[in-house]
Amino acid sequence: MTGLASALSATDLLALFAQFLVLSLLAVGGAIATAPEMHRFVVNEHHWISDAQFTASVAIAQAAPGPNVLFVAVIGWNVAGPMGALATMTGILLPSTALSLWATRWGRARRETRGVRAFTTGMAPLTLGLLLATGWVLAGPAAGHVGSMLLVFATVVVMVRTKLSPMWAVAVGAVAGVVGWA
Amino acid sequence: MNDTAVPVETAETLAAPTSLSDLFFTFNRMSLQGFGGVLAVAQRELVERTRWMTREQFVETLAVSQVLPGPNIVNMALMIGDRHFGLRGAFVALAGMLLVPLVIVLALTALYAQFATHAMVSGALRGMGAVAAGLVISTAVKLSTTLKKSAMGLPLGIAFAAVTFIAVAVLRWPLVWVLGGLGPIAVACAFWRLR
């Protein structure tokens with residue numbers, strides 16, 4: 001997968017970094033929310049990686065352990081190797097990290113005020129709705145396939161009812177997929 | 001909404017990270033278990049295993065990290081690290097969450113080209129994807145019990161959660177519009193109820 005443009009010029013690397021700095025501030029609701037804009041930039045506009053490489057980058061990061069944001073590192077790696085991964089990851093993390101730290105301290109100092117309490121109380125139901133929506137969207141590919149839908153349902157029941165580590169559920173899912181049930 | 005087999009923690013029985021390395025390894029452990037996203041594991045580790053937060057605190061922290069730009073779970077690690085050990089804690093939690101998984105995912109990227117077309121690999125990815133979806137849904141189900149304790153009241157809480165779900169999952173509206181449009185209304189309702 002080291003591909004078309006492993007030797008990106010310093011100017012291009014800087015452009016990549018700058019693009020992901022901006023995306024960081026647009027990534028409300030998670031990094032994956034900016035995937036369409038990333039796709040437009042690295043695939044359509046600059047042709048640094050192919051469409052298939054982009055999709056595979058997201059799939060690999062989903063299959064590997066760790067936060068979903070790591071797909072950003074995979075895209076950077078596919079565009080320009082280690083330097084590319086460094087550019088995209090620091091780009092996507094720097095502005096949001098600074099903003100989060102500032103906002104969380106500001107909020108903590110005013111935690112007991114009515115305004116801040118209203119904010120966290122009011123946003124909590126939206127967070128739950130959003131979480132359910134994320135699960136719904138992720139379950140999209142399973143729709144229409146009985147084995148996959150059963151797997152989604154069984155996971156929900158087992159995870160709500162038991163203290164089993166999610167890792168085991170993922171392992172069962174992988175095996176079910178390999179033998180062709182999912 | 002849903003009674004689970006898991007006891008609910010109250011603020012009095014909470015624990016805290018004992019050291020920076022405790023913080024690092026807790027987030028590292030969490031991250032390495034997080035296939036298809038870390039959120040489901042985070043709830044299990046932070047609320048049920050380490051008992052660093054209650055369900056309510058978890059939802060509140062998640063709410064704030066979702067409204068802020070940037071990866072939610074990364075924002076959450078920063079906030080928890082900062083709460084216990086200041087700036088050093090924030091970066092230690094971040095490193096714990098990202099370092100090892102980053103190495104793994106890049107190694108997989110290098111390997112992937114050779115196995116991409118293998119039927120077993122794509123089958124496994126599909127099965128893991130279905131489980132990942134189930135994990136996220138189960139987290140939402142478990143955390144839904146926090147709506148009962150909300151100062152907004154249960155009916156209003158359910159209504160806002162449902163509208164958000166429909167707007168994002170069914171209508172596929174851009175998230176910025178949903179949070180920007182519905183958020184202020186929900187916060188205003190909460191502000192009025194908290195009087």
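Visitor: Into what is chain A divided?
Guide: Chain A splits into domain 1 (10–123) and domain 2 (139–182). These bounds come from an automatic or database domain assignment. The centres of domain 1 of chain A and domain 2 of chain A, taken over C-alpha atoms, are 28 Å apart. This is a predicted model: local features need pLDDT of at least 70, side-chain atom pairs count only at pLDDT 80 or more, and totals for chains, interfaces and linings use all residues. Residues are numbered from 1 along each chain as its sequence is written, while chains are lettered from A and ligands numbered from 1 in the order in which they are written.

Visitor: How many helices and how many strands are in chain A?
Guide: Chain A has 7 helices and 0 strands. Along the sequence the pattern of chain A reads α-α-α-α-α-α-α. The C-alpha trace of chain A spans about 55 × 55 × 25 Å along its principal axes.

Visitor: What makes Thr55(A) count as partly exposed?
Guide: Thr55(A) is in helix H3 of chain A. A residue is buried if 20 or more other C-beta atoms, placed from the backbone, lie within 10 Å of its own, exposed if 12 or fewer, and partly exposed in between. Thr55(A) has 13 C-beta neighbours inside 10 Å, so it counts as partly exposed. Of the 182 residues of chain A, 50% count as buried.

Visitor: Why is Ala15(B) called exposed?
Guide: Ala15(B) has 11 other C-beta atoms within 10 Å, so it is exposed. Ala15(B) is placed in the segment before helix H1 (20–33) of chain B. Which residues does Ala15(B) touch? Leaving out residues up to four places away in sequence, they are Thr50(B), Arg51(B) and Trp52(B). Two residues are in contact if their C-beta atoms, placed from the backbone, lie within 7 Å. Ala15(B) and Met53(B) are 38 residues apart along the chain, with 7.7 Å between their C-alpha atoms.

Visitor: How many helices does chain B have?
Guide: Chain B has 8 helices and 0 strands. The C-alpha atoms of chain B fill a box of roughly 60 × 45 × 35 Å along the principal axes. Of the 195 residues of chain B, 54% count as buried. Take contacts in chain B between residues at least 6 apart in sequence: 61% join residues at least 24 apart. For chain A, with the cut-off at least 6 apart, 52% join residues at least 24 apart.

Visitor: Why are H2(B) and H5(B) oblique to each other?
Guide: The axes of helix H2 (residues 39–49) of chain B and H5(B) cross at roughly 45 degrees and come within 8 Å. Axes are lines fitted to C-alpha atoms, for helices over the stretch in contact, and angles run from 0 to 180 degrees between N-to-C directions. Under 35 degrees counts as roughly parallel, over 145 as roughly antiparallel, 65 to 115 as roughly perpendicular, and the rest as oblique. H2(B) and H5(B) are therefore oblique.

Visitor: Which residues in H2(B) meet H5(B)?
Guide: Leu39(B), Ala40(B) and Gln43(B) do. Their partners in H5(B) include Leu135(B), Val136(B) and Thr139(B). The contact of H2(B) with H5(B) holds 5 nonpolar, 3 polar and 1 charged residues. Ala, Val, Leu, Ile, Met, Phe, Trp, Tyr, Cys and Pro count as nonpolar, Asp, Glu, Lys and Arg as charged, and the others, Gly among them, as polar.

Visitor: How many residues of chain A are in contact with chain B?
Guide: 85 residues of chain A are in contact with 94 residues of chain B. H5(A) gives the largest share of the side of chain A that touches chain B, 23 residues. That side of chain A divides into 56 nonpolar, 25 polar and 4 charged residues.

Technical notes. Helices (H or I, at least four residues) and strands (E, at least two) are DSSP runs, numbered from the N terminus.
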